[in-house]
Amino acid sequence: MEVDERYKILFEPVKIGPVVTPNRFYQVPHCNGMGFRDVSGMVALRAIKAEGGWGVVCTEQVEIHHTSEIAPYIELRIWDDKDLPVLSRITNAVHIHGALAGIELAYNGMNGPNLYSREVPLGPSDLPTVTFSNDPVQARAMTKRDITNLRRWHRNAALRSKAAGFDIVYVYGAHGLGAPQHFLSRRYNQRTDEYGGSLKNRARLLIELIEDTKDAVGDTCAVACRIGVDEMIGEEGIHREEMLELFSEISELPDLWDLTLCSWDIDSQTSRFSEE
Ligand SMILES: Cc1cc2nc3c(=O)[nH]c(=O)nc-3n(C[C@H](O)[C@H](O)[C@H](O)COP(=O)(O)O)c2cc1C
């Protein structure tokens, strides 16, 4: 097939950390409602994308631990080794067509009401959860021990991702989901310890999770970070200037940055009904 000169670059390979994507068609993480419940359908969907030519095919957000789950929504899970067969089906199906497989590790903390596990949701501060359905559930401020636990759960999930054959492993803090974003945001982070206050402190968890992931799997897997760069509420929230300041410090930390807007309803509007 003759490719227009202007678009040839899209078909060139790109190195992302230790892996190489065959082209620049990159399917960012998104869910499809099938998740852990309708595995064959979900595997087939990802395989069709790889077959169609996407260089990278990512999962949806994948819950790393039962203390943060987002029932009644159906996502994938990487809670323990029992989840590996499902996840390996995805990577095998994507690899058959020569694409890379990415996984988005998610700990949504105060965004998950835990309607299934009934665990107390954890967040940076003692605050009501921020869920789409306004569930009357309170999140508890994480202790240092909770933070250590979270880092261990995330690291274990990264190791399991590698074992399942993923090429790209994500740290997730975007869309008002993902604990690293809640820690970054002044409106949710009221801590007075080294995880609160200054930008450096609010970014500490994010940086630790990226570093942990690189340490655990960075030899063979690319480490990506999907991060929300603007809560669109001015200086009370995450905003452009402070994110530029953060990037000037840690731009080289992950192998790939995947930037979104902070709130789900702004980032994920359908172009049919919203302004660009
Ligand atoms: C139904 C739906 C599910 C999505 N699921 C996820 C997800 O699991 N993880 C994630 O990081 N983004 C998710 N997204 C956000 C998309 O990846 C993407 O950022 C958003 O649709 C904006 O796309 P655009 O940049 O092409 O306009 C989802 C979006 C939609 C509409």
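In this predicted model, the ligand is surrounded by V28, P29, H30, C31, E60, Q61, E104, A174, R226, T260, D267 and S268. If you sort this shell by class, you get 4 nonpolar, 4 polar and 4 charged residues.

Let's turn to a sheet. Strands of a sheet pair through backbone hydrogen bonds, either parallel or antiparallel. Here, an open sheet has 3 strands in the order 7-9-8, and its pairing is mixed. Why is one side of strand 7 and of strand 8 left without a neighbour in the sheet? Strand 7 (122–123) and strand 8 (127–128) stand at the edges and have a single partner strand each, so one side of each has no neighbour in the sheet.

Now take the pairings one at a time. Strand 8 pairs with strand 9 (residues 138–141) in the antiparallel sense, over 2 bridges. Look for P128, which stands opposite Q138 in strand 9. Strand 7 pairs with strand 9 in the parallel sense, also over 2 bridges. On that side, you can find L122 opposite R140 in strand 9.

**Two pairs of packed helices**

Two packed helices are described by the angle between their axes and the distance between the axes. The table gives these values for two pairs in this model.

| Helix pair | Angle | Distance between axes |
|---|---|---|
| Helix 1 (residues 39–52) and helix 2 (residues 84–95) | about 25° | 8 Å |
| Helix 3 (residues 144–163) and helix 6 (residues 204–217) | about 35° | 9 Å |

Start with helix 1 and helix 2, which pack at an angle of about 25°. That angle makes helix 1 roughly parallel to helix 2. Helix 1 passes helix 2 in a right-handed crossing. Helix 1 brings V39, V43, R46, A47 and A50 to the contact, while helix 2 brings V86, R89, I90, A93 and V94. By class, this contact of helix 1 with helix 2 has 8 nonpolar, no polar and 2 charged residues.

Next come helix 3 and helix 6, with their axes 9 Å apart. Helix 3 passes helix 6 in a right-handed crossing. From helix 3, the contact is made by I147, R151, H154, R155, A158, L159, S161 and K162, and from helix 6 by L205, E208, L209, D212, T213, A216 and V217. Which classes make up the contact of helix 3 with helix 6? The contact of helix 3 with helix 6 has 7 nonpolar, 3 polar and 5 charged residues.

Conventions:
Residues are numbered from 1 along each chain as its sequence is written. This is a predicted model: local features need pLDDT of at least 70, side-chain atom pairs count only at pLDDT 80 or more; totals for chains, interfaces and linings use all residues. A residue is near a molecule or strand if its C-beta atom, placed from the backbone, lies within 6 Å of it. Ala, Val, Leu, Ile, Met, Phe, Trp, Tyr, Cys and Pro count as nonpolar, Asp, Glu, Lys and Arg as charged, and the others, Gly among them, as polar. Two strands pair if DSSP finds at least two bridges between them. Helices (H or I, at least four residues) and strands (E, at least two) are DSSP runs, numbered from the N terminus. Axes are lines fitted to C-alpha atoms, for helices over the stretch in contact, and angles run from 0 to 180 degrees between N-to-C directions. Angles under 35 degrees count as roughly parallel, over 145 as roughly antiparallel, 65 to 115 as roughly perpendicular and the rest as oblique. A crossing is left-handed if the near helix is turned anticlockwise from the far one by less than a right angle, and right-handed if clockwise. Two residues are in contact if their C-beta atoms, placed from the backbone, lie within 7 Å.
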